[in-house]
Amino acid sequence: MPQTITKGYKTLLAEAEAAVTTLSVEEAKELVGREDTVFVDLRDPRELEREGRMPGAFHCPRGMLEFWIDPESPYAKPVFQEDKRFVFFCAGGWRSALAAKAAQEMGLKPVAHVAGGFGAWKKAGAPVDAPEPKQG
């Protein structure tokens, strides 16, 4: 019997966008380097190797987010216990919207995500640490 999806990704994204703050790349650029803000890169390691990184961003693969946020988890990361604003981004803005909503529901605050993700960040000419050349 085929599966019946009762809430698709479009609905999940719409709910996330309605629940969390979405920053434009221009708004996000104004927060770079601030002591009270942590940018959280949710992309997987292969994406970072291929596309480069936002300077100073903390890397947290999306699949580990909830475990790294919860101080009771054996995987908890101290960065998520700091009294700071957390700005999530991924490649295009979908994973980061869902992640920001999950983080907010867990009690992390304030949170936001970057519209268009790292792709929009690069396209706007925002700072990027280029990927390291492959040794071969």
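Two strands are said to pair if DSSP finds at least two bridges between them. Strands (E, at least two residues) and helices (H or I, at least four residues) are themselves DSSP runs, numbered from the N terminus.

Good morning. The structure before us is a predicted model, in which local features need pLDDT of at least 70 and side-chain atom pairs count only at pLDDT 80 or more, while totals for chains, interfaces and linings use all residues. Residues are numbered from 1 along each chain as its sequence is written, and side-chain values use heavy atoms, with hydrogens and water left out.

Let us start with the sheet. Five strands form an open sheet in the order E1-E5-E4-E2-E3, and the pairing is parallel. Strand E1 (21-23) and E3 stand at the edges with a single partner strand each, so one side of each has no neighbour in the sheet. Helix H5 (residues 94-106) packs on this sheet, touching E4 and strand E5 (111-114); contact here means heavy atoms within 4.5 Å. The direction of H5 makes about 180 degrees with that of E5. Such angles run from 0 to 180 degrees between N-to-C directions, and the axes are lines fitted to C-alpha atoms, for helices over the stretch in contact.

I turn now to strand E2, residues 37-41. How many of its residues are buried? Five of its five are, where buried means under 20% relative accessible area, exposed means over 50%, and partly exposed lies in between, using a 1.4 Å probe and protein chains only. In a regular strand, side chains alternate between the two faces of the sheet. In E2 both faces are covered: Thr-37, Phe-39 and Asp-41 lie on one side, Val-38 and Val-40 on the other.

What are the partners of E2? With strand E4 (residues 85-89), E2 pairs in the parallel sense over five bridges. Within E4, Phe-86 is the bridge partner of Val-38, and Phe-89 is that of Asp-41. With strand E3 (residues 58-59), E2 has two bridges, also in the parallel sense, and Val-40 has Phe-58 as its bridge partner there.

Which residues does Ala-57 contact, leaving aside its neighbours within four places in sequence? They are Phe-39, Asp-41 and Phe-89. Ala-57 sits in the loop between helix H3 (45-51) and E3, and is partly exposed, with a relative accessible area of 22%.

Is Leu-65 buried or exposed? Leu-65 is buried, its relative accessible area being 0%. This residue belongs to helix H4 (residues 65-69). Not counting residues up to four places away in sequence, Leu-65 touches Leu-42, Cys-60, Phe-80, Phe-88 and Ala-99.

The bond from Lys-109 to Pro-110 is cis, with omega near -10 degrees. Pro-110 is found in the loop between H5 and E5.

Thank you for your attention.
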